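Subject: Structure for you to look at

Dear colleague,

Here is the structure I said I would pass on. My notes on it follow below.

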Amino acid sequence: MSEYTEVGTGTAVFTDDRLIEGPLVFLDSPRAVIDFVVNGDVANTIVLARGGTTTFLTPALTAGVKGVITLQGAPESHLGILSREYGIPAVMGVTFTCGVRSSRGEVIPADGVRVRLDIAGRAGRVLVEPGAPIDDSPVPTPDADTVALMAQIQLLLQQFQGTVPHGTAGDEMIRAEFVTDVLTLTEENTHRDLTVEEINELLRYFNWNIWDFLALRATEGESGLIPRQEYECFGCVHDWQRYPAWFRLILDEIGVDGVIEMGSLARREPANKVNLLHTWCTIATPLFGRGILGELGVENTDQRAEDVRIVLQFARSLYKGVWGDGPMFTSMRNYRAPLLDQVWLDRFLADVAPLGGDREFFTSFNASTEMLGFLLYLDNRSGLHDSGPYDLGDGRFMIVRDHFLRDDIYHWHDVAANLPHCITQAMVFHPEPGLQCKLMDGGTLFTEPANYLRYLTDVAVYVRQEWDTPASEIRRIDRAEMESILAECKTVTDRLYQRLATMSGRDKIIWGAQVYYAEFIAPFARAAGVWQEMLDEHAFWEWDEITANAYFPLVREQLGVQMVGKLFLSGGGYPPLSAGALVEVELADLHRVALRGMLPDLGVGVDAELLEKSGLICSTPQGFLITEEGLAKHEALLSAERTALDLEALKPVYERFLSANGQFKALNIRWLDSDDGGKWGLVDQLSSLVRRIEPALDSTTEVLPRFAGYKPRLAAALALVEDGKFEYLTAPALDSVHTVWMELHEDYLRTLGISREEEGSY
């Protein structure tokens, strides 16, 4: 070894005592990767690439290169993850001290030079054979400002905003600052609006949380195949423009309790995109888009404060379903996410079988299906999800891993038409003492040491054919079917890589933005039953105007590339709201206009100007009209009220009201068909019906005092009818008996969470 000279150092993806040796090939374009795989001695070659993204080196990884070196990136990057899964030695973020010059002036070893990778420790070393070509021309020396900037970046990679570390210590430090319990999920605080203080503490924590997960990935550099940072910015902006409305649509359809129930799918079903990653991204992507628009100066970050609140509370409701009560993030749970119900663990444990001589085959199957997932989802983590570790006793644990191999949402998934929607791997490990596992909030497992697969002992593999295949039909597959899937994955991977390699940069950005947009809403829209409605009636795939206008500065002027790293590292991606950004609205402020849709007058004590400024109502020549945001706000307030009500006790009272309701509607029809004489003949029946519902009103008022106003309003309208002012029975523009009665009926329906369609009442 002494004749080899160290020329560069970086970080080893995993450690190994072997010295990895072979000729080096620098791959700087997709065409170079394809040519190398077709014509090179792949199995004996070490490849060098610029960035730490996965998809650029896809064909080289699937073909089985001997080793990987990158100039940028870290083991936590996507390429680091896949190198670990394939078991391919890799040293990332290498700085070379001598060598030749690339076309861009980078110092690298010359093509064909034999190199050795020393990965015995985390500080990986690259050494070259004697006589390797050297370009002695001076390398530009960074100026003092550049050196200072690099030092600042290194500090921000290690400590959030220069003060808070990664991991459990960082979690404890940042939570020690907080005064609210917003990070602890309860029945009460998932059914009510969050205050500005709660929102800001949640945003502060999430700022740290996403940095904890992705800070090192922010330096992975360019892909060479997929312009991911450009499409991430573009996609996040579009998510911010559209997601709040989609969340409201879902809430209108199934309510807060329905969202909580939907979140519980993460416990009840493997192979489901209602999982930790997708739940986490309901916060991560739209609110990062808000931060980008603020950075561009397009939008004041207080401008849509209600939308911030709806995004965070929608996500909290999902998390309530995922966990039940308690801490919201895995970073608060010692980085553990043993989500699945015991019935699944029992099934997996009954099915797993020892690897035996199949270790090499399974490693290839695991890595190749994961690789395809990264490629299908344009180099982001949407195709991968881990849960666990599940403690099995005796030092053993299980990881349950989903690889999503096809989703018909995306037109380019046509290449994967012969693959199942998802495969699930139940993997049992029996490690040596000291192995540390971290299951991140993005649904990705990291271990220390990194090469955890050496401890894998038992495996079972399952298939979910379609996204809506019943969970009861998730089935175990045998070695022969795994071989068939593996062969198809390799074919699909090659075909899709070839397609991507020939596409324009703009087309790849549009594809990637479509993933970022559809991926983190579609699973929830599907589960809520509104996905087809979104496609058919709401122009789902149309780009928002602000999003379209952001394309030029983010992509053509390359501000997006600059922003991703800057906002992640500085903690500026999730700016707080100002103290007065949100109007604290009471149920009474919105209740009557929500029940009626429009009112000429909101009533005494209601600040119409403030409600209009907040976007909850709008004024028209006919009066005040409640907006979609107002309806969503009203439903949230009602939902919070319901948590304190005994709804079962109210239902029989409502039934007593309904017993008179049919007769009241029939009387109204007869009234409209009657002359004055006939109407006088109906007044006694009307009086009797009003008196008949008074006991129900009294009982309801004891539970909900806000119902107290209906009785005197009905009495006043009835008295006018009895005085011969017959318009006070049916006139919709007046506070007539019919108007008050219908408002009362609607109040019962909204309070109890019953739709008119369900009841058949119109």
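**What was found**

G105 is partly exposed, because its relative accessible area is 42%, which falls between the 20% limit for buried and the 50% limit for exposed. Please keep in mind that this is a predicted model. The residue G105 sits in the loop that joins β6 (100-101) to β7 (107-108). Its C-alpha atom is 8.6 Å from that of V139, and 34 residues separate G105 and V139 along the chain.

S570 is also worth a note. S570 belongs to helix α18, which runs over residues 559-570. With a relative accessible area of 31%, S570 is partly exposed. The C-alpha atoms of S570 and V256 are 34 Å apart, and the two residues are 314 positions apart along the chain.

**The protein as a whole**

The protein has 762 residues, and 58% of them are buried. Its secondary structure consists of 27 helices and 24 strands. Along the principal axes, the C-alpha atoms occupy a box of roughly 115 × 60 × 50 Å.

Among contacts with a separation of 6 or more, 74% are between residues 24 or more positions apart. The exposed surface comes to about 29,500 Å², and carbon and sulfur atoms contribute 51% of that area.

As for charge, there are 111 negative side chains and 66 positive ones. The centres of these two sets are 2 Å apart.

**The second largest pocket**

The volume of the second largest pocket is about 940 Å³. Its lining consists of 28 residues, and those closest to the pocket centre are L251, D252, E635, G753 and S755.

Which helix supplies the largest share of the lining of this pocket? It is α7, with eight residues. The elements that each give at least two residues to the lining are α7 (228-263), α21 (628-642), α26 (737-752) and α27 (756-759).

If you open the model at this pocket, L251 and D252 are among the residues closest to its centre, and helix α7 covers residues 228-263. E635 is another of the residues closest to the centre, and α21 covers residues 628-642.

Regards

Terms used. Residues are numbered from 1 along each chain as its sequence is written. This is a predicted model: local features need pLDDT of at least 70, side-chain atom pairs count only at pLDDT 80 or more; totals for chains, interfaces and linings use all residues. Side-chain values use heavy atoms; hydrogens and water are left out. Helices (H or I, at least four residues) and strands (E, at least two) are DSSP runs, numbered from the N terminus. Buried means under 20% relative accessible area, exposed over 50%, partly exposed in between (1.4 Å probe, protein chains only). Contact means heavy atoms within 4.5 Å. Accessible areas come from the Shrake-Rupley method with a 1.4 Å probe; for residues, only the protein chains shown count as cover. Lys and Arg count as positive and Asp and Glu as negative; His and the chain ends are not counted. The place of a charge is taken as NZ of Lys, CZ of Arg, CG of Asp or CD of Glu. On a 1 Å grid over the protein atoms alone, a cavity is a set of points where a 1.4 Å probe fits but cannot get out, and a pocket is an open set with protein on both sides within 12 Å along at least five of seven lines; lining residues have an atom within 4 Å of a point. Grid points are joined across faces, edges and corners, and a volume is the space filled by probe spheres set on the points.
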